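These are my notebook entries on a single chain. I set down what I looked up, entry by entry.

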Amino acid sequence: MGEHGYFFGNLDKRHQKRFDQLVKEHTHAVNGAVSGLSALPGTARPFAATQAMSRFLTNEDIGFSALIEPAQDATRTELAKSDSPFALAIHDWSMFQFHTHRSKTDRLQRTHSQDRGYELGSALIVDAADGRPLGAMELRLRTASGMLSTRIGPTSLPAGHVDELIEVMEASPRWKLGKLLVHVIDREADSVGHYRAWASKGHRFLVRADDDRWVMWQDRECQLKDVVRGLSLQFQDVLDASGESEEVTIASGVGRIRVASTEVVLHRPAKTNTGEKTAGGYKKKKVVAGDPLRLRLVVTRVVNDVGKVIAQWCLLTNVEVCWADAACVGRWYAWRWRIETYHKLLKSSGLNAEEWQQESGEAFLRRLCIATMACLTVWHLQRDASEEAGQLRKVLVRLSGRQLKRGVDSTAPALLAGLEKLLSIDDLLRDEDLAEVLALARKVLPRLFRSG
């Protein structure tokens with residue numbers, strides 16, 4: 001165990017201590033213009049901190065799987081407190097743009113010359129009872145040199161994003177979460193071939209489908225949008241524990257959830273990529289027949305306070321209705337945006353990863369593992385319902401200087417910024433007397449620091 005109670009597997013004590021310090025410093029909204037971290041006052045000179053970070057991130061004796069273990073262990077501990085028999089594994093991808101970072105020679109180039117960097121695939125665990133993010137169990141990084149992963153063992157380089165998921169699903173029992181896992185993926189994963197492959201392996205999934213997908217419904221072939229019209233009179237509000245209409249916050253705003261459900265059958269053959277291209281540059285596909293697959297369709301709407309539909313999702317799942325009714329399924333998908341806020345916290349709203357100066361995908365992924373622990377720290381603080389935690393959140397938001405929306409207690413970026421300042425204060429007061437520091441400030445800057 002490290003000093004914060006994290007499990008470190010095969011990290012020796014020296015590396016454990018360094019990992020703890022890096023997580024502490026990463027709780028700072030990092031200045032990305034240096035290779036390492038902005039040193040906390042009094043702990044080390046910036047150049048020394050940069051050297052220490054560089055040595056840690058290029059140490060090949062520390063595997064990616066060892067660096068993700070603290071996050072995995074903390075996630076398991078929090079998940080054990082959940083009342084739900086399920087856990088949600090939310091999958092998504094995010095591109096970290098480094099088109100001007102020429103020192104990174106293994107950058108992946110996608111659609112054009114400016115679309116260059118590293119592509120992160122994440123598996124984020126979310127509590128199925130209340131939608132709170134708990135931690136990342138796996139990170140994968142696509143580079144020009146191949147795929148890097150925190151998973152133990154070899155990792156292949158599938159042709160596309162969705163092709164990666166079968167390996168993730170197959171590896172997920174080794175996470176030992178103690179819950180039934182439901183894999184939640186956005187519309188990119190709407191693929192008959194993948195649905196059949198996942199179902200044949202016994203994996204539970206929840207995917208947003210295109211409304212033009214063809215299915216069999218009530219003994220006739222039609223598109224999902226036709227099914228939605230047929231269900232128009234069956235939508236019902238999702239109610240919370242007090243019997244009131246449940247509200248959810250999504251990118252489009254706040255609204256109440258309404259759902260309708262039925263059963264559909266995917267009967268058409270799958271179309272899979274061959275890995276080759278036509279003379280016109282299009283991807284070649286082959287038709288693969290398969291058995292009809294019976295799934296639940298849960299149509300979920302988010303309606304604002306004036307009755308306008310601000311979001312509508314056609315959700316396909318193989319989770320049995322006895323385990324999760326339509327309201328539960330709709331709620332689960334509404335929480336999918338948690339992974340987008342996680343990627344945003346890594347990038348623009350907290351840790352500024354697109355400004356990091358590490359010169360290889362390997363070093364970048366190592367630093368992402370450390371940054372993930374910083375994210376997990378503030379998530380757990382948000383989750384803590386104790387009076388003391390509530391008071392600390394107020395202090396951190398005040399220290400952050402962030403303006404929050406009315407009724408919002410805290411946000412992860414605000415807690416991250418406030419915690420950085422609190423850690424700096426703590427570090428300063430280990431060596432300095434507060435009264436002496438204030439007296440000095442009043443003498444040198446009397447207009448800003450007044451007596452009394």
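**Entry 1. Confidence.** I began with pLDDT, the predictor's confidence in each residue, from 0 to 100. The chain has a mean pLDDT of 84, and 85% of its residues reach 70 or more. I then looked for stretches with pLDDT under 50 and noted residues 1-8 and residues 29-51. Counting contacts (heavy atoms within 4.5 Å), I found 24 beyond four places in sequence for residues 1-8 and 50 for residues 29-51.

The model is predicted, so I kept its rules in view: local features need pLDDT of at least 70, side-chain atom pairs count only at pLDDT 80 or more, and totals for chains, interfaces and linings use all residues. Residues are numbered from 1 along each chain as its sequence is written, and side-chain values use heavy atoms, with hydrogens and water left out.

**Entry 2. Nonpolar cores.** I took a nonpolar core as a set of buried Ala, Val, Leu, Ile, Met, Phe, Trp, Tyr and Cys residues joined through side-chain atoms within 4.5 Å. Buried means under 20% relative accessible area, exposed over 50%, and partly exposed in between (1.4 Å probe, protein chains only). The largest nonpolar core holds 70 residues, and Leu88, Trp332, Tyr342 and Phe364 are among those with the most contacts inside it. Helix α9 (residues 361-383) gives the most to this core, namely eleven residues. Helices (H or I, at least four residues) and strands (E, at least two) are DSSP runs, numbered from the N terminus. I also recorded a second, separate core of 30 residues, including Val192 and Leu295.

**Entry 3. His380.** I located His380 in helix α9. Is His380 buried or exposed? His380 is buried, because its relative accessible area is 18%. Leaving aside neighbours within four places in sequence, His380 is in contact with Ala74, Glu78 and Leu134.

**Entry 4. Salt bridges.** I counted a salt bridge where a side-chain nitrogen of Lys or Arg is within 4 Å of a carboxyl oxygen of Asp or Glu. The whole structure has 26 salt bridges.

- Arg336 and Glu340 meet at 2.1 Å, N to O; Arg336 is buried at 5% relative accessible area, while Glu340 is partly exposed at 36%.
- Asp409 and Arg393 meet at 3.1 Å, N to O. This pair links distant parts of the chain, with Asp409 in the loop between α10 (387-400) and α11 (412-429) and Arg393 in helix α10, 16 residues apart. Asp409 counts as partly exposed at 43%, and Arg393 as buried at 9%.
- Within the pair Arg132 and Asp130, the closest N and O atoms are 3.7 Å apart.

**Entry 5. Loop at Pro269.** I placed Pro269 in the loop between β12 (253-266) and β13 (270-277). Pro269 is partly exposed, because its relative accessible area is 41%. Which residues does Pro269 touch, not counting those up to four places away in sequence? I found Arg196, Val287, Val288 and Ala289. The C-alpha atoms of Pro269 and Val288 are separated by 5.4 Å, although the two are 19 residues apart along the chain.
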